[in-house]
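Subject: Structure handover

Hi,

Here is the structure for you to take over. Please open it alongside these notes.

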Amino acid sequence: MSDLDDFKATYFDECSELLTELEEQFAAIQGGDRTSDRLNAVFRAIHSIKGGGGAFGFSELVAFAHAYETLLDHVRDGRIELGETVTVLCIRANDIVADFVNAAKAGTKLGAGYGADERQQFDALTSGNAPEVRAPAGGDDESGPAMDEFDLDFVPVMVNLETAAPVPAAEEAAMDDNFAAAPLVADKPQWEIRFAPHSELYARANDPLLLFRELANLGELTVVARLNEIPPLADFEPFGIYCTWDLTLVSPTATAEQIAEVFEFVEGNCDLSIVPLAPRSVTSKGDPSLADLAAIVTPPADAAEEVISFADLADAVKKDMPKRAVPVPAPAAPVAKLLKPAEAAADPAPSMASEDDERRTGPEDRRGAGVQSIRVDLDKVDRVVNMVGELVITQSMLTQQMDDTLRARYQELVRGLEVLAQTTRGLQDAVMAIRAQPVKSVFSRMPRLVRELAQKTGKKIKLETIGEATEIDKTVIEQLSDPLTHMIRNSADHGIETPDRRKSLGKPEIGTIRLSAEQAGGNILIAVEDDGGGINRERVLEVARHKGIVAADTTPTDEQIDQLIFAPGFSTAETVSDISGRGVGMDVVLSNIKKIGGSVHVKSKTGQGTRMTLRLPLTLAVLDVMLVKVSGSPYVIPLSSIVETIQCSRADFGRAPSGAKVLRVRGEYVQVVDLANRFQMMSEADLGNRFVVLCEAEGGVKIALIVDDIIGQQQVVIKSLEENFESIDGIAGGTILGDGNVALIVDVQGLKATKLHKNAA
Amino acid sequence: MDNLALKDDYGTGTQVTQNSLQLIAFSIGEQTYGVEITTVREIRAWNGATPLPNTREYVRGVINLRGTIVPIFDLRARFGEGQTSPTKNHVVVVMSVGDKWVGILVDAVSDILTVDRNDIHNVPEGNTMDTELLNGIVTHESRMVGLIDLHAVVSGAKVDG
């Protein structure tokens, strides 16, 4: 049973990847890129989902995917134009497929009629465009941008046979007969297909039987299994591949493309040759001996030849079949040369892009054709990451132990430690690179969300994404989905106005939500920006006062009001919709982001929009920090937020009218926070001997922290306080120092943000 | 009951029956308290803790327990009797409360007690702190043992604002 569960888990993993791919492909298609590669990728994705779904008996999923696939097939053939309506329908269908997959994963059932509307639309579209309807000539122009190459019937290739003279005498008469009856040939083409699967084909759970059944749908199929390679039982390997097949397909309508399509998913995993035959060879039907076949397809070496490989096929439809035909080296080669599709794909034609080629189509995709990858359980990577984390700490502890006397005495040891430090750093970077993933994996889930939100709110919203290739630690990415969802919901629900209102304001009817990611030093900035109405500050303040978040007698600045939306239990929505307004959401964003060592900043302009920025660490495992002492306890401040340190005796302090201390540094006045005071502890040190650590919080706002002493810099592993306790204002987490003691991580952003609440209290 | 009576022959005074409860007993000053033995994860000597800002006085700080950060609660302070001045002889009892691990600072761990559930008395009404922090009181060899309500002890540890 557990084996099956494993397969299922793999299937669902693949499904989620495929669904992501679908989103990407349709995003490109909507962006105007309607090349056949995109459609092929979509088709393959749906087909794979369907195939796996069938294996596990998810019949609803399969039924829907099948209907969808039929539509895609029509679109691919150019029988249906990939216009706006069809694209929208397809995108909707992707969502439904995703729902079916999720339902299957969760073991639940969707309503019986789920997706029925869309299926009806598929049926209406496909039945209204039966294959015969298409005009054989001039139809290409009408078929829209998709897959023109596929519109060609294969008849021209058959005609090429006439040039393939001379044929061996024994066959000549018969061949002539066939060509005399040329129209008949065109009506009743036959195909000899030789199919020799490799072991990978089976390893990927493909079943020749299914392929043959598919072929049988194209016409009258005769299958002969070649069993002569099966060894005696003593030599029989249970997983060996001994059986190949010769198939004869008699079909009035089948084209080489259709046949090749059946084998599309085993491309590269089998030796395959598809040879068009004259009807004469019906005599050899059921007994396709090699001699017959070789005779038929063995013209002199310089003559055109009809072995159709994937590459040739593509070229054939580009109407230069004779030029590209593969010469057959010798009659000894059965059924001419068995071209491996992988080889043929060296020159992939646009209509028959190899899988590698298709992968390269992602605009920012860096996976090249030659890149190999392995699937590794994330737990295994995490174990390595954790050990490297501990190694880094041990290394920095060792370095700390080295005082000057030791350094002078053991120079070799010092050198060794330096090398160790370097190697550890390198190892750490390498391990973190393994965990790094493009944010695309989470960004690509958002278009669907926006579509659904637009539908629910009756607003018109378009989503733009920028910097999808930005890489960030996988754990961060996993933690990113919920906050981003909340932020986008918030933008759609509270930010973007209704189309009518937008029109009356002179804004474009369609609101824009822009999702962007960029790297800034040791941080990743992820921003959700909308061009809506901005934060309604009066209303926010009113609600905050009403809920006791802000005291009645304080007047916060605009910026402080904006930050209020992150306060727990805060919501301005008058009606609780199922989108947002329950007052959970934005505070969840803040706590989730804080948990992974990040911060949130919001900036809003009334009438112009809101921008929420998440600042996230590149990696979670190790943080560069400055170790300081406050009231005898160790604290660490993330190095990424520190601007400079100043000795208090040299610092230029002033007093603001309120009596609060301010620091003047480079012509700027900066808020001063005495950490000992702030943390309600007593400082034993004289002010003069203490230090100012000037930090930059989110949005470029500086804050000066007074600490008792600065110990030094080091790397630490972030540990959660919440795991066994709860979060504390001003503290972003804890860490374990080389001596085994716990040090607390100062939350620079939090110290700034909580100032308001402190005043209010 | 015959079966249970039979078991007595094996025991040497410590009976473990379905109706009995095993406690780890520890002392704070003259007073003995107990927690159910199954919640106790580890007992270790006091070795200092890193203080946590903005917490109640009974939160002594956090310690490193094999790579995880565990908060330490000063039980004496929790009962409003002032902070303990811990020495190396003081003991931290690490327990699980729900899905969290917490440490409780006590003067000493004294005994493992087996008590009958029927012998657990309600905490007399009157002092809210007692009723809040104790699940019940049990008498063991004429000593009064308060059963600690761990959930209550660790709640409300944060000072807001």
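This is a predicted model: local features need pLDDT of at least 70, side-chain atom pairs count only at pLDDT 80 or more; totals for chains, interfaces and linings use all residues.

Residues are numbered from 1 along each chain as its sequence is written, while chains are lettered from A and ligands numbered from 1 in the order in which they are written.

Interface. 19 residues of chain B contact 25 residues of chain A (contact: C-beta atoms, placed from the backbone, within 7 Å). On the chain B side, β4 (59-65), β5 (68-74) and β7 (100-106) each give two or more residues. β5(B) gives the most, four. Strands are DSSP E runs of at least two residues, helices H or I runs of at least four, numbered from the N terminus.

Cores. A nonpolar core is a set of buried Ala, Val, Leu, Ile, Met, Phe, Trp, Tyr and Cys residues joined through C-beta atoms within 7 Å. Buried means 20 or more other C-beta atoms within 10 Å of the residue's own, again placed from the backbone. The largest core has 83 residues; V636(A), I637(A), V693(A), L705(A) and F73(B) touch the most other members. Strand β12 (622-630) of chain A gives the largest share, six residues. A second, separate core of 44 residues includes I472(A) and L616(A).

Helix. The buried residues of α18(A) include V385(A), V388(A) and Q395(A).

Best wishes

Methods:
Two residues are in contact if their C-beta atoms, placed from the backbone, lie within 7 Å. A residue is buried if 20 or more other C-beta atoms lie within 10 Å of its own, exposed if 12 or fewer, and partly exposed in between; C-beta atoms are placed from the backbone.
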